[in-house]
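Colleague: I would like to go through this structure feature by feature. Please give the general idea where there is one, then the case at hand.

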Amino acid sequence: MRPWQTLALRLAREPAVLVRVDDVQGSGPREVGAWMAVTASDVVGTIGGGQLEFDAIARARAALAAGRVIDARQRFALGPSLGQCCGGVVFLSFEWLDVSAIAGLSDRLGRQDDWRRVALFGGGHVGRAIVDLLARLPVRAHWIDSREDMFPEPLPDNVRAEQSEPVQSAVATLAPDSHVLIMSFSHAEDLDVLAACLKRQRESGDLPYIGLIGSKSKWATFRHRLEARGFGADEIDHVTCPIGIPGIPGKQPEMVALAVVAQLMQTR
């Protein structure tokens, strides 16, 4: 369940004060637009933690006790007075929310227009570990496998699953600007998906990242096979293999997923 959906459930029972990062000058713990909602007994979301968040919660609960927001925009200097050393200044907005605000929450707080698009080919152990991480990030994921009954239920709200046979046929339907991860159960499938991605990249240039799971020896073999299919060196160099940031030890699915998702979020 996304934070805005959790907030909608809370608002059905009690009012809340929405606290949003309105502006940041210098260094701050969260970006403009980050939010939390404060009820009399709960907090949904975060504006970064620490004394800034503690003070904002206290002011939001004072507004709840008063039955209205008195000061809608407040300035917080992240210095000695807050016990923080970020050195910047954060402006927070405070807004009263009640049951009447539920209908518009998805548009206001659940927008996904700027979320990263990820296409993941492979429903195995590493694929599932990656989806577990992506479920908590600003990502819209398209999860694809050629096999039936490979996807767990329920899926995270930001993940859409598709069974595609042959699996490479799904490449044509990927959203533009998708970041592609290829890790099927079969090297033959991996190669077919990879070739379809490179063909699409040649024609449309709209797949900014194409990553293939595997060793250096697997990639050497794949390079030769892609050359045999007519792809040039510049096209093949668009592929990242092996995938994942270096320095994270271990080959457990969760460790591999951590390295891969970290690299994915670094790419543009």
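Colleague: In which sense do β10 and β11 pair, parallel or antiparallel, and over how many bridges?

Modeller: This is a predicted model. In it, β10 and β11 pair in the parallel sense, over two bridges. Within that pairing, Ile 210 stands opposite Val 239 in β11.

Colleague: How is β9 joined to β10, and which residue in β10 is the bridge partner of Leu 181?

Modeller: β9 and β10 run parallel and are joined by four bridges. The partner of Leu 181 is Gly 211. Between the two strands the chain passes through helix α5, residues 187-204. That β-α-β crossover is right-handed.

Colleague: Which way do the residues of strand β10 point?

Modeller: In a regular strand, side chains alternate between the two faces of the sheet. In β10, residues 209-212, Tyr 209 and Gly 211 point one way, while Ile 210 and Leu 212 point the other way. All of these residues are buried.

Colleague: How many helices and strands does the chain have, and how much of the chain is buried?

Modeller: The chain has eight helices and eleven strands. It comprises 268 residues, and 44% of them count as buried. Along the principal axes, the C-alpha atoms fill a box of roughly 70 × 40 × 35 Å.

Colleague: Next, backbone geometry. Which peptide bonds are cis?

Modeller: Most residues other than glycine have a negative phi, and most peptide bonds are trans. Here, the bond from Glu 165 to Pro 166 is cis, with omega near 0°. Pro 166 sits in the loop between β8 (159-163) and β9 (179-182). Another cis bond joins Cys 241 and Pro 242, with omega about -5°. The loop that holds Pro 242 runs between β11 (239-240) and α8 (253-266).

Colleague: Is Asp 149 buried or exposed?

Modeller: Asp 149 has a relative accessible area of 75% and is therefore exposed, the cut-off being over 50%.

Colleague: Where does Ala 40 lie, and how far is its C-alpha atom from that of Arg 30?

Modeller: Ala 40 is in the loop between β2 (35-38) and β3 (43-45). With a relative accessible area of 58%, Ala 40 is exposed. Ala 40 and Arg 30 are ten residues apart along the chain, and their C-alpha atoms are separated by 23 Å.

Colleague: How much space lies in the largest pocket, and which residues are closest to its centre?

Modeller: Rolling a probe the size of a water molecule over the atoms shows where empty space is left. The largest pocket holds about 700 Å³ of space. It is lined by 27 residues, of which Arg 30, Glu 31, Trp 35, Trp 115 and Pro 138 are the closest to its centre. The elements that give two or more residues to this lining are α1 (3-11) and α3 (105-109). By class, the lining has twelve nonpolar, five polar and ten charged residues.

Colleague: What lines the second largest pocket?

Modeller: Its lining has 15 residues, and the closest to the centre are Gly 214, Pro 242, Ile 243, Lys 251 and Val 256. Pro 242 is also the proline of the cis bond with Cys 241. The second largest pocket has about 330 Å³ of space. Its lining divides into ten nonpolar residues, four polar and one charged.

Colleague: Are Cys 197 and Cys 241 buried or exposed?

Modeller: Cys 197 counts as buried, at 0% relative accessibility. Cys 241 is buried as well, with a relative accessible area of 12%.

Terms used. Residues numbered from 1 in each chain as written. Predicted model: local features only at pLDDT ≥ 70, side-chain atom pairs only at ≥ 80, totals over all residues. Heavy atoms only, no water. Buried < 20%, exposed > 50% of the residue type's maximum accessible area, 1.4 Å probe, protein only. 1 Å grid on protein atoms, 1.4 Å probe; cavity = no way out; pocket = protein on both sides within 12 Å on 5 of 7 lines; lining within 4 Å. Points joined across faces, edges and corners; volume = space filled by probe spheres on them. Nonpolar A, V, L, I, M, F, W, Y, C, P; charged D, E, K, R; others polar. Pairing = 2+ DSSP bridges. Right-handed = clockwise from strand over helix to strand, strands pointing away.
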